[in-house]
Amino acid sequence: MFDNLLGKQPLIGLDIGQSAIKLATLGQGKKGTYTLKSFSFAPLSESAILEEEINDRTQIIEQIRSAFKEGGFKNKNICFGLAGSGSIVKSMKSPEGSRDDIEDHIHWEAEQFIPFGMENAEVSLHIMPKENEMSRDVVMAAAKIQDIARYQEIIFASGLKMKTVDLQVLSLINIFEHNYSDYLHEYKDGTLIIDFGAQSTKIIVYRNGLPLLVKTIIMGGVNTTEEIQKEVGIDFNQAEDLKKMNQTDTKYPDEVLAAIKKISKSIVSKVVDAVAFYTSSNSEDRIKHCFITGGCSRQPGIIEDLIEGLDISVETLDPLRKISISTKGNISDGIVEYLTYSGAVCLGLGLRAYD
Ligand SMILES: Nc1ncnc2c1ncn2[C@@H]1O[C@H](COP(=O)(O)OP(=O)(O)OP(=O)(O)O)[C@@H](O)[C@H]1O
Ligand SMILES: [Mg+2]
C-alpha cells in the first residue's frame, strides 16, 4: 500500500514490535526465488511501547540504529509495517467497471469502515483480478495519517528513510502466500493465520486470496509475563526469562506453568470467539486450516487450546520455507530459530520490494 517505491531497489523491512525492533533485507533470484541477505533485531524494554503508544521514543530510535548497524545493511530505504487500531483492512466488492469506476465506488463505501475518519486516513486499494462480469473484489487498506507521520519521524530520526508503508497483517499474508504458493489452491478454501505477538494477537481469515476477516486482540505475551510477575513476585525481566525456560527444555515450576496456561486460555478463547462470530455470519465459509506465528505462539497451552477450541489442526507458519539464507550474511542458527517464530512480519515487509 501507499506505493511510492522507486523501482525495484531492495527495501529493508522494519517491524517495530512491542518486544523488539526487527530489520530484514531479501535479494531476488531467478524464477521468483528469494534469499534472506541480512536480518537483525534489537530488544525493546517493556515500557518502550505501552498499549500501542510510543512511550520511549529515544529508546526506539537507539535500537533501530543499533539493529541497522549490526545488520550491515547496504541501503537506508525502509518498508515499515504498521499495526494496531490506527489501521484497518477490509475486503469489499464493487460492481465491475473501469479502474476509475471501481475506485470511486470503493472510496464512497469505504467511509463507513474507517473508524478514525476518511479525512484522517491514507487509503490504498488493491483491485483483484477479474473473476466475473458482475463484480470485483477489492482489498481496502487504510492507516491513520497521524500514525504514519509519527513512525516516519522516528525512522527519519534513526537516519533511515521510510519509502513505503504496509500493514503488518498484509505482510503476513504476503509471506504466507510466498512460502505456501504450492498449496494455495488448498488453503484458499479457508485458512486462519494468527500472529501471537507480545502486545497483541492478530487474526486473519484468508479465503480465495482475500483477507475476509482481520481482527486484532489487545492481549499477548506481555500479559503472560505480567501474570508470572504477579504470581511469583519478581520483576518483568525475571518473569520473561522464566516464561522462556521452554527454550532450554527446563521444567517450569508449577505456579509459573499455571500462570502461563491461564493467559493462554484467555487469549485463545478470544480468538475462538472472533472466529465463531465470523463463521456464524458467513456460515458457508468453513475454516479448514490454521497457521500460527509470533513469539507468544510458543507459550505452553496456546496450540493445545487452539486445537481444542477450533477443532482443526494447527501448524506453525514457516516464514523461511521458500526463502534461502545467504551464506555471506550474519544469520546464525539462533537467528533462524528467532525468525521462525518472530520474523514473519519483517520478512513479509522485506518481500514487498519485489511486488
Ligand atoms: N519460548 C517462548 N515461550 C513463551 N513466550 C515466548 C517465547 N519466546 C518468545 N516469547 C514471547 O513472544 C513475544 C514476542 O513475540 P514477537 O516477537 O512475535 O512479538 P512482537 O512482534 O514484538 O509483538 P507485537 O506483534 O505484539 O508488537 C514476547 O512476549 C515473548 O515473551
Ligand atoms: Mg509482531
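Helices (H or I, at least four residues) and strands (E, at least two) are DSSP runs, numbered from the N terminus. This is a predicted model, where local features need pLDDT of at least 70, side-chain atom pairs count only at pLDDT 80 or more, and totals for chains, interfaces and linings use all residues. Residues are numbered from 1 along each chain as its sequence is written, while chains are lettered from A and ligands numbered from 1 in the order in which they are written.

Is S280 buried or exposed? S280 is exposed, because it has 8 C-beta neighbours inside 10 Å. (Buried means 20 or more other C-beta atoms within 10 Å, exposed 12 or fewer, partly exposed in between; C-beta atoms are placed from the backbone.)

Next, select the open sheet β10-β6-β1-β2-β3-β16. Its six strands have mixed pairing. (Two strands pair if DSSP finds at least two bridges between them.) β10 (161–167) and β16 (323–325) are the edges: each has a single partner strand, so one side of each lacks a neighbour in the sheet.

Zoom in on β6, residues 77–82. Six bridges join β6 to β10, and the two run parallel. Find L82: its bridge partner in β10 is L167.

Now move to the open sheet β7-β9-β8. Its three strands pair antiparallel. The edges are β7 (87–95) and β8 (121–127). Seven bridges link β8 to β9, residues 135–144. End at H126, which stands opposite V139 in β9.
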